Amino acid sequence: MQHFPVFMAVAGRRIVVAGGGEAACAKLRLLLRTEAQIHVFATKPALEIRRWAEAGRLVLHRRALEAPDLSGAVLAYGAEEDRAADGQLAEWARAAGVPHNIVDDLDRSAFLTPALVDRDPVVVAIGTEGAAPVLARRIKADLEERLPTSLGMLARAAAGFRRAAEALPAGAARRAFWSAFFETAGPEAARNGGAGEVADALRRLLGRHLARAPRTGFVEFVGAGPGDPDLLTLRARRALDRADVVVHDRLVTAGVLDLARREALLIDVGKEGFGPSTPQEAIHALLVEHARAGRHVVRLKGGDPSVFGRLEEEIAAVESAGLAWSVVPGITAASAAAAAIGQPLTARGRNAGLRLLTGHDAAGLAEHDWRALARPGEVAAIYMGRRAARRMQGRLLMHGADPSTPVSVVENAGRAGQRVLATTLARLEPDLSDAGMSGPVLILYGLAPRLAGAALPGLEEVAS
Ligand code: SAH
């Protein structure tokens with residue numbers, strides 16, 4: 001981020017605009033929404049500006065700007081549409097320590113003016129650092145449609161009611177009250193009758209919420225998907241949005257964690273391969289302790305929580321503590337890896353079944369399992385298979401698997417840094433070690449990448 005967005009206090013302060021043409025008018029239309037004192041310097045002001053001046057909405061000086069005019073200003077706009085004149089303003093503003101904006105000139109501006117969605121006091125500012133004004137306009141149009149025009153009134157009513165709402169305990173109960181107000185009760189009252197009706201609605205809603213029994217905590221086991229926040233389900237996003245506590249694994253990416261409610265407590269219980277980890281019992285204790293305290297606990301697991309995620313043990317712990325729980329499924333690494341190589345996990349006439357295996361347990365596989373897997377046409381998604389790859393390769397070959405069976409290894413499937421290694425059973429090692437993959441890898445045994453399709457973004461063959 002090269003520009004940091006802030007909301008500046010401008011009520012009653014001076015904002016200076018130099019210029020009287022279309023560029024000045026465009027900025028003034030925005031500035032006039034504020035409670036700032038606006039001073040315009042223009043030798044030939046447009047009709048619109050003269051009208052604003054007559055209506056007392058701004059002060060018009062019919063002359064060119066001079067250096068002393070900037071003193072005491074909080075912002076200055078160079079809108080002369082003349083390089084030399086605007087350059088002069090920039091120089092004076094710098095000397096006077098006044099942040100300045102030269103219209104349509106990113107390089108000479110100290111700040112940028114964002115596109116605005118105005119539901120005062122709710123204001124959304126959209127910026128693209130000058131890179132894509134068209135995109136900013138599209139986002140603005142999108143938000144204009146989405147945010148009800150009554151939002152400003154609701155926000156003002158809420159601000160006035162904040163004290164009264166403190167009768168509810170801080171945290172989940174108070175949030176539930178405000179959600180109910182902004183999502184349903186508020187907009188409904190605004191539609192039916194305006195500000196008076198909204199104030200009544202607030203009082204009625206508070207009464208109902210105060211009468212409610214205190215909420216008991218619960219645990220949501222949530223699939224975080226393979227890593228890209230785009231691959232989260234809407235339900236997972238909602239859970240993160242409401243969480244009081246998020247207990248997460250190492251596989252969960254920063255991009256996903258960013259979506260957790262800002263006040264939520266994030267607890268990392270990740271383990272690194274075979275390295276040190278939070279003991280499973282300690283994780284159980286954490287879940288139970290926080291849920292018992294009435295908190296909404298999100299147990300966030302990479303991929304799908306039901307795939308190699310010790311879900312059974314954690315549910316049992318929560319259940320035996322007498323607490324409520326639910327599961328939000330996620331996209332498992334095998335699905336993301338299949339998408340990366342452009343192959344279905346099952347295909348008519350090729351493989352009717354799919355095995356999900358973990359490399360950790362490979363040592364414990366019985367002879368008949370290896371024999372079954374070695375049969376032609378078998379497909380398996382192997383999790384945590386990097387270290388076990390050589391052993392699995394040996395066992396499969398020993399049990400008669402075809403050495404030319406295709407194997408695809410996908411590193412960082414469905415997240416930044418996705419790489420695909422296309423190899424065969426015979427070459428799996430040393431190819432896998434040679435590829436030097438350090439991110440999480442999923443091994444798709446029995447599947448080759450569909451290399452013919454150019455429509456595979458992010459597919460990169462590192463060896464073959
Ligand atoms: N519950 C998870 C799996 C947990 S086991 C899921 O459904 O995906 C952890 C293993 O999953 C890793 O060792 C790796 O083999 C695999 N894995 C998880 N995320 C991955 C990703 N983005 N890319 C490749 N493999 C991944």
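Between which strand and which helix does the loop with Ala 426 lie? Ala 426 is found in the loop that runs between strand E16 (419-424) and helix H15 (428-435); helices (H or I, at least four residues) and strands (E, at least two) are DSSP runs, numbered from the N terminus. Before going further, please note that this is a predicted model, in which local features need pLDDT of at least 70, side-chain atom pairs count only at pLDDT 80 or more, and totals for chains, interfaces and linings use all residues. Residues are numbered from 1 along each chain as its sequence is written, and side-chain values use heavy atoms, with hydrogens and water left out.

Let us stay with Ala 426 for a moment. Its relative accessible area is 40%, so Ala 426 is partly exposed; buried means under 20%, exposed over 50% and partly exposed in between, with a 1.4 Å probe and protein chains only. Not counting residues up to four places away in sequence, Ala 426 touches Gln 393 and Pro 403, where contact means heavy atoms within 4.5 Å. Its C-alpha atom is separated by 9.1 Å from that of Pro 406, 20 residues apart along the chain.

Arg 261 sits in another loop, between helix H9 (254-257) and strand E10 (265-268). Is Arg 261 buried or exposed? Arg 261 is buried, because its relative accessible area is 12%. Residues up to four places away in sequence aside, Arg 261 touches Arg 175, Leu 240, Asp 241, Arg 242, Ala 243 and Asp 244.

Now turn to helix H6 (residues 172-193), which has 22 residues. From first C-alpha to last, H6 reaches 29 Å, close to the 32 Å expected at 1.5 Å a residue; the expected span is 1.5 Å times one less than the number of residues. H6 bends by about 50 degrees at Phe 181, the bend being the angle between axes fitted to the seven residues ending there and the seven starting there. Phe 181 is also one of the buried residues of H6, which include Phe 177, Trp 178 and Pro 187. H5 and H7 are among what covers these buried residues. After H6 comes Gly 194, with a positive phi near 85 degrees.

Finally, look at H5 (residues 151-165) and H7 (residues 195-211), which pack at an angle of about 35 degrees with their axes 10 Å apart. Axes are lines fitted to C-alpha atoms, for helices over the stretch in contact, and angles run from 0 to 180 degrees between N-to-C directions. Residues making the contact include Met 153 and Phe 161 of H5, and Val 198 and Arg 203 of H7.
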